[in-house]
Structure formats: C-alpha cells, structure tokens
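Subject: The structure we talked about

Hi,

Here is the structure I promised to pass on to you. Have a look at it first, and then read my notes below.

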Amino acid sequence: MSPTKPYRRVLRHVTTGFALLLVFLALIVPDQITRLPPGNSVWTALVRIPVEALVAGMLLLSLPQKGRFRRVFTITIGVILGLLTVVKLVDVGFFAVLARRFDPVLDWALFDDGFNFLVDSLGRPSAIGVAVGVAVLAVGLVAGMTWAIQRLGGILTAHRARAWRGLGTVGVAWVALAALGVQLIGGIPVASYTASELAAHTALALPNDLRDRERFAAEVKIDAYRDQPGDQLLTALRDKDVMLAFIESYGRDAVENPEFNGAVLNSLAANTERLAKAGFSARSGWLTSPTSGGGSWLAHSTFLSGMWVENEARYRSLVASDRLTLTRAFKNSGHRSVGVEPGISFAWPEGQFYGYDHIYDSHTLGYNGPAFSWSSMPDQFVMKAYHDLEHSKTDRPKLAAEITLTSSHTPWAPVPGMLDWDAMGDGSVYGPVVADAETPQSLYKDNHRVRTEYARSIAYSVDSLMQYLEKYGDENTVMVFLGDHQPNSIVVGLNASHDVPITVVAKDPKVLDRIASWGWTDGIKPDTAAPVWRMDTFRDRFLAAYGPENDPH
C-alpha cells in the first residue's frame, strides 16, 4: 500500500465534510440570523432539515451516473445555490442596517451609500479593501458551492442504495416535523424551506414590484385635498411662518434608550426651560417611519405627501405624480415655500414635485467651512443661513420652509458645538473644530462611544432648532420638527421600532389648541404613552387641524 493513501483518504473525508457543511449552512441559515436572541439559541437555529437537500439528492440519484446532462444539472444547482447564498448574506446586512430584506430590483443604488459610509467610518483605502473582499467572497461562494454540489453528487452516486434509504428516512422525518409545526426558537421551523423561500422572493421581486407600482400609482390619485382651492388650505396658519424640520436619525431610542440617551434628555430638558421663558409651548407624539437606518428621502416623501413610501419604486412613482404635498399646500395657501437642503449637492429634479418656490442646497447656503464627515455643514449654520437668506427679510410673504438637518448623520464624528449666532460668518470658524476633532475611524473602534456620540449629535441638532426659535422666533412662528428614521443597528440593535419623535412648537396658544384632540404630550419630549401614528397619516391630520373644517368659529 502506498504510504500516501491514508492521507488521501483523510483529505477526501475532510473535503467531503467541508462540502456538506457549506451546502447545509447555505440551505438552512435564515437571513435574519442576526435578529435571533443571543447565546446558544443562535446555534440551536442550525438544527434543521432542509427540504431542498432532499429534493436535490433524489434528483441526482435519479439521473444517469455519467453524461453531459448530469454535469449541467449539478453545475446549475451549484451556481443557483451560490447566488442565493450571496443574496442571503446581503439580506443579513440589510436586516442589520435597514431592518428589511434586500430588494434585488430596487436596492442597487443603496450600495453607493453603503460604500460612502465605509469611507467615512474606515477611510477610503480600507473601504476599497472591504469592497474588493466582498466581491471576491461573492465569486468564491458561487464557485465553492458549485464544487460542493458536484462533490456531494459524486458521493451519492457512489453509495446509491444507502443514499436512497437515508434520504427516504430523513424525508419522512421532514414531513412529520412540517405537519406538526415543530419549532425550536424564534418561530423558525425545524423542517426548513429557507432556500426555496428566498429563491421565490428573489424570482418574484420584479413582478411583485411591478404590481405594487401599479397599486401605488392608483392610490396616489385618491386624495381628499387634491382639488381643494388654496384659500381653503391651512387657513389657521395663514399669518404664520412655518418650519417643517427633519432631524437626521432622530429616533425613539434617542429619547428612551437609557444606554445612551443622557445627552438628548439633557438637551430636551434645558430647551424646554428656555422655550418656556421665551413664551413658547409645545406638544409631542410619535410617528412610525417607513424606513430605518437610512433612506431619509423615503421618510420625507411619506411625511409630506401622506403616502406610505417604503421603497425606491414608490418614491419614483410619487415624485412623478401631482400629489399634493404639505409644502405645496402652503404655497397654494399663499406662503413662500422654500426647501433648505444642505445634503443636496447635485441636481435634484424631485424638488419640483414638492412645490418649492426656491431651493437652497449645499452650494447656495453660503458655507465656506469644512465638511463634518458626511454632513456638508453644521445645523446651526443652516438655521442661521435660513434666517439671513429668508426669514430676516422685511416686506416678505409668510414663509413655509422644509429644512433638513444633517449633523446627526452617520458617522457622528466630529460633532459640532453651538457657537454665538452672530460669529459664524461664512463657516470658516469651524476649521479648527474639525482639525482638532476625533476621526470616524478612531471613534468606530468603540461601539459604546459611537452610541454616545450619536446622542450628542442629536442633542446638537435639537439645540440648533430650539435656540433658533428662542433667538429669532416670535408670536407668528410655528415649528414642526421630527426625526426621519431610527439610526442604524450599531446604535439601536437589531430589533428596534421604526418610531420617531415629532413636536409642534408655537408661541400663539391657538396653534396648539388646534391639535388638543391629538392626545400629544405637553413639551418637546414625547411621553412613552403618547399616540403612535403611521407617518403617512400626518399630512391629512395636519391639513384638517389647520383648515377651515376645524375652525372653532
């Protein structure tokens, strides 16, 4: 006997075991594995019987032992399973960050945002390295899965009789477990069909998206306010300057999660006192955003249009329609409608849909200071620029401004500090702040500090808005401010809600009297028990509350 044969035998067993493990994991690991309870229970999720393995094994045993058709069949199965495994890994990432599955038709544009996040967090060389590594992994998975299927197919053929008996026994067990609905943890059945479900979801993505687009296009046209004359819109706010302000990533956890909410609670408490001394009052509640961890434009369009916009197809369909938005409603009622969008640095044709008379973007707000990672400029500067460019003008119409604040966008480093409102100039004063600040790459070495810096960024955004009201607001100023979505999972974990705070602030008591029936909490901090509404319901509630149908006279 050749002395190398025992080693070959061991090598065959090891490679066969590896092939079996690779295929087994590809078939049974759920795409929400990261959302399962921590500890040993995650490993318990691997105790499953994949029906796909039974079906594929029986088909392989039924084919001729040799021939071109068998080769094509095994290669096809391997490539399909490899591609599904890549999709599953992408799903795991999407559930971790956006709390939903990857849409293979609509979500390709989000990879650019993901790469930019890596650049901010790790630096460009490391981000490129990660991107290359992911591409190599995807190709390797497809090639490796194809090899594994061919390897296991050969083993089955070599032990045909025993393979039939084993598959038959396991098949009976699968049917029994499926009939009894046996589950171990997290509602995951032992009788697995994970790969089939994922394949169906992927294959049906395009027809499902097309059907949803048709339904949504029909729903957009159903609008009680579509043909309402401008003089019948927002009559109770006709003599008010109104700001609709979005705070990036201002989610419910920023207020209620005791692990990191200290800075936010301190800001809310301090600003409550400051506003009260300035004569302002507020009411607060909760809205459920259509997105989490990212996709701010989906939340903005949902809030302003009264439509549930949870994906890119719906967004594109909406902005191509003539749906009445809150910003256009204010314009129709006689306000000058402006968009203040420091995060926009390129052509934005969607702005026409919102009905703005003018849009200020990152190039037209007069900022000549340094960027704060993703955020092109600090929130306080944005508010001061709005005042200088629009609010401070005399002999002007009433204003309705939609303002998007970006200082609380990932990666939350560096976080600006509040400055004297009259000392910001063109923003050059922020140069030393950025030069001396911690880098995102350094911050992301400590997950706890990522959370606390996130909270500091939210507190800064709240301070920017509330101190603006204190300094520049008057009895004819009304502000509605809210979060667009929760931050990503590195801050809130994998099972956070999609709820965000919303607050209405005004000095005129009649403004808040109009929403007394909403049951919202007094002040700028919503109570845990305050009502929770879907974000798409707000537009109609707001138009009704401040329209002639709710006129107390």
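A salt bridge, as the word is used here, is a side-chain nitrogen of Lys or Arg within 4 Å of a carboxyl oxygen of Asp or Glu. Please keep in mind that this is a predicted model.

The idea behind such pairs is simple: side chains of opposite charge can pair when their charged atoms come close. A search of the whole structure turns up 19 salt bridges. Let me walk you through a few of them.

Start with aspartate 388 and lysine 384, whose closest N and O atoms are 2.9 Å apart, which makes a salt bridge. Both residues belong to helix H15 (residues 379-391), and they sit four residues apart, about one turn of the helix. Is lysine 384 buried or exposed? Lysine 384 counts as buried because its relative accessibility is 14%, and the cut-off for buried is under 20%. Aspartate 388, at 40%, is partly exposed.

Next, look at arginine 226 and aspartate 322, whose side chains meet in a salt bridge with an N to O distance of 3.1 Å. This pair connects distant parts of the chain, 96 residues apart: arginine 226 is in the loop between helix H8 (194-220) and strand E3 (241-247), and aspartate 322 is in the loop between helix H12 (312-319) and helix H13 (326-332). Arginine 226 is partly exposed at 35% relative accessible area, whereas aspartate 322 is exposed at 53%.

Arginine 449 and glutamate 438 form another salt bridge, with 2.9 Å between the closest N and O atoms. Here too the pair links distant parts of the chain, with arginine 449 in helix H18 (residues 447-472) and glutamate 438, 11 residues away, in the loop between helix H16 (431-435) and helix H17 (440-443). Arginine 449 has a relative accessible area of 29% and is partly exposed; glutamate 438 is partly exposed as well, at 30%.

There is also a network: Asp223, Arg323, Arg539 and Asp540 are joined by salt bridges that share partners.

Finally, where is threonine 537? Threonine 537 lies in the loop between strand E11 (532-534) and helix H21 (538-545), and it is partly exposed at 28% relative accessibility. Its C-alpha atom is 7.9 Å from that of phenylalanine 303, although the two residues are 234 residues apart along the chain.

Enjoy exploring!

Best wishes

Notes:
Residues numbered from 1 in each chain as written. Predicted model: local features only at pLDDT ≥ 70, side-chain atom pairs only at ≥ 80, totals over all residues. Heavy atoms only, no water. Helix = DSSP H or I, 4+ residues; strand = E, 2+ residues; numbered from the N terminus. Buried < 20%, exposed > 50% of the residue type's maximum accessible area, 1.4 Å probe, protein only.
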